Amino acid sequence: MSGWELFFEAGIKAVAVFALVLVTVIVLVWFERKIVADMQNRLGPMRAGPYGVLQTVADGVKLLVKEPVVPRKVEYGLYMVAPIAALVPAILIFMVIPIGQPFFIGDREINLAGTDLNIGLLYILAMSSIAVYAVVLAGWSSGSKYPLLGSVRASAQMISYEAAMGLALVPVVMFTGTTSLTAIVDAQAGDFLGFLGIWNIILIPSFVIFFISGVAETNRAPFDLVEAENEIVGGYHTEYSGFRFALFFLAEYANIFNISAITVTLFLGGWHGPDFGAPQWIAWALPIFWFMLKSFALVFLFVWIRASLPRMRYDQLMSFGWKRLIPISLLWIVLSTVAIAVRRLGLPWT
Amino acid sequence: MSDTPNVVTGDFEAPTTEPPSQPETADSAAAEARREIHDMWVAGTEEPAWMRSYTNEGAQEMLEAESDPALEIHRGTTVTDDFIVEEPADDDELQILNMGPQHPSTHGVLRLHLELDGETIRRVKPIIGYLHTGMEKTAETLTYMQGSTNVTRMDYLSPFHMELAFSLAVESLLGAEIPERGQAIRVLLTELNRVSSHLVWAATQGTDLGAVSMMIYGFRDREYILQFFEKVTGLRMNHNFIRPGGVAADLPDGWEEDVDEIIEKVSRGVSEYEELFNGNPIFRDRTIGVGVITPEECKALGVSGPIARASGIKWDLRKAFPYSGIDKYEFEVPTGKHGDVWDRYLVRIEEVKQSLGIVRQVLETMPAGDYRTLDRKVTPPPRKRIDESMEALIHHFKLFTSGFKVPAGETYQAVESPRGELGMYIVSDGRERPWRMHARTPSFNHVQALPTMMTDSLVADIVATIASCDPVLGDVDR
C-alpha cells in the first residue's frame, strides 16, 4: 500500500463526504418543508420540479446571486469568518461516521467512513464545540443588538447542553469499551429473535438525553431561542444576507443530519439491518439504505417536534439543562456502572 | 370609563361656529394648548414653526424611573425564578433596545422602547402613532351614511364591532328603532366576528411563542368565517354592512347551513387548539405567571375586555349595557383569577365557545321581518320604488348626495368588541356630518398597560404579553 494510494483514497472520501452532506441538506430542507406543510394543512413547495424537490436548489441559486449586504458597524474579519466557521465543523463531523459495510476492491478493504478515527466520539464533541464559536462570533461581530442577544443565548445554551451531551455518551463508551465509531457500530451487530437488531437498546436513557441535547445543540425548536424570529428577529444571523446567510443555513441543516446520524450510529445500530438474504450486487447498498432510513426517521422526529412545540424561555431552558438533564445523566452513569460491574463480576451474593 | 352608561343627553348646545382655527405662533401657553387639540396640518401647505419642533421623534428618552411604591405594585409581575437576579444594575450595564415598528411580533407597527439589563426588562415605553391616519378627523367630513365606511377600517380584525358601535351611536341620536331581524343579524355577525378575531389571536399567540403550526390552524378556521362574511357582505374585511338604520342587506339564501358548518368546524378547531396547548408543559411554563395585571391596575389603566376578565373583573358590556338585543341570548362571561397570559388564553378560548353558543341561538331563533328601519329619511328606498315614486326618487337623491340630518346632541355608545370596551362618542350639531367623533378603542388602553405587565420580565415574555393583549394597531392609532 503506497502513500499515493492512501492519498487518493482520502481525497475521494473527502469529496464524497462533502457531496453527500450537500445533497443530504438539499433533500433535508425539502423534506422538512414538506412534512411541516403536511402537518399544517398546507402543500408546501410545489412549483420548482415535481412536488417542489428543486425548491432548495432554486433558493440556493437565489442566495448565491443575491447582493451580500454588509452593515457598517460589523467587525469585518470575524463577520466574514463566522459563516465559514459554522459550515466547516458540520462537514468535518460527518467525516467519522460510518455509513455502510466495509467492502473490498481487490484485496483492499475500503471502510465506508471518511476515516476511522480511534477517538471518534471525542472528535465529534470537539467539533460541535467549535460550531459554538461561529454562532457567538457571528452575533458579536454583527455590531447589532438582536444578534448580540442571540449569541449570548447561544453561548450559554450550547455550552450547557454540551455537558449533558457528553455525559450521555459516557455509558456508550463504558458498554462498548471504545470511542471509535466503527467499533461502536460493530459492537451492535447481531440480532435478536432473528430480525430485531440488538443495537444499544439498553441505553435508552442515554439515547433520549443525547437526542434532546442534540436538538438543543443544533438550535432547533423548542430550543431555537438563539434564532427565535419572534423575539430577537433572526438571532445571530440577522445581519447576514446572500450566500453568507446560506452558509449558516447549510450548517444548521448539516448539523441536524449529523446529530441524527450520530444518534443512529451510537444507539440504533448504525448501518446494521436485515439483509433478507439479498444477492451480492444489492447487498452492499442495503446497509447504506438502512443507515439513511434510520437517520431520516430521526430527522422526521426533529421536524415533528418543530411543528408541534412552542419555544422555551431562556431561563427555563437553562434550568431544564442543568436541573434535569445533567442530574439524570449522572444518575444513569452510576446505574450503568453498577450494571456493568454486575455483568462482569456477578451479583455479590452469588 | 367603563362604568359610564351609554345615555343620550338631550340638552346639548350645538356649536354654530367653525372649530377654532390653527394657531400661527408658538408664543403663548394658550396656543400650546390649542395646538394639542388641533394638530392637523394640511400636507402641501407651509409647515408652521411649531410643527417642526413637534416632529422630532421625541421618543428616545425612557420614562421616569419608577418609585418604590410603583415597584411594589409590580411585584406580582416579577418572574419568580431563581435564575433572574432582581438587583438593579448599573446604568452602564443597561442597554436600550428598540423593538419595532418593523418587528415580526409587535403585531403591526407597535414600537417598544426597552431598557434591558441582559435579557431582563427594566423599563418599557410603548410608542404608537405609526398607523395614525386621522380617521376621527376624517369622520367630520363624512356624512353619517359614509361614516361606517370610515370606522370599519379602524379595528380591521373586528370591523363589524366598529360599524355596530358607530351605528348604535348614530341611531341613539336619531332615536331610530331597529327591527328585530336587523338586530339579530347584527348579533350574528358581531359574534361571528368575535370568533374570527379570537382565532387570529390564537394564531398569533401560538406563533409568537414558537408554535408555528398554530398560525396556520387559526387562520384556517378563520377562513370559514371570512368566507361566510364575503358571502353576506361581499367583502372579507371592511364590510360597511352594519349601517345606521339596520344592515345593508338581508342574509343570503342558505345562510343557516353555512353558519351550522362554521359552528361545527370552528368547534372542532378550538378543541384541537386545546389539545395542542392545554397539557403542553412548555406552553404552560411560558404563560403561567407571565404578564400579570391585577384588577386594580386594570381599572386604573382602563383595561377592559378579556384582559380585565382574566384578572377577575366580571365586566362584559353585553351583560352590563346590552345592545342590539343581545340580552335575549344566554351566555356566560368567563373570568380568570390571576390575570396572566394563561388566564387570558383560557378566557378567550371560552369566549369563542360562548360566542358560538350565541350564534347557535341566533340561528335557531332568527325572527322574520325587516332587516332595517323603514324610516325613509334614514334608509334608502328599494330600487324598484325609485321608478314608481317621485318621493322615493327624492329621498334616494337626498340620501346619497347630502345624507340624513341627525338631531343636535352628543352620545356615547359602547359595545363589547373582542378586545374590550369599544365606544363611539359622537357630537352632532344638527347637520348631516358629525361635529366631532371620537372612538374609545380598547387596544389603546391595552398598549398603555403593557409596561405594567412587562416590567421585570424577560425578552421572551414581551412577545407572549403583546400577543395576549391582542392589540390591533389600527385600533390604537386610528
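The secondary structure of chain A comprises 12 helices and four strands, where helices (H or I, at least four residues) and strands (E, at least two) are DSSP runs numbered from the N terminus. Chain A has a radius of gyration of 21 Å, close to the 20 Å that the globule rule gives for 350 residues, so it is as compact as a globular protein of that length; the radius is taken over C-alpha atoms, and the rule is 2.2 Å times the number of residues to the power 0.38. The model is predicted: local features need pLDDT of at least 70 and side-chain atom pairs count only at pLDDT 80 or more, whereas totals for chains, interfaces and linings use all residues. Residues are numbered from 1 along each chain as its sequence is written, and chains are lettered from A and ligands numbered from 1 in the order in which they are written.

Of the 350 residues in chain A, 46% are buried (20 or more other C-beta atoms within 10 Å of the residue's own, with C-beta atoms placed from the backbone). The largest nonpolar core, with 206 residues, is a set of buried Ala, Val, Leu, Ile, Met, Phe, Trp, Tyr and Cys residues joined through C-beta atoms within 7 Å. Helix α9 (residues 242–267) of chain A gives the most to this core, 16 residues. Residues with the most contacts inside the core include A:A86 and B:A165.

The contact between the chains takes 27 residues from chain A and 27 residues from chain B, a contact requiring C-beta atoms, placed from the backbone, within 7 Å. On the side of chain A that touches chain B, α12(A) provides the largest share, five residues.

How values were computed. Buried ≥ 20, exposed ≤ 12 C-beta atoms within 10 Å, placed from the backbone. Contact = placed C-beta atoms within 7 Å.
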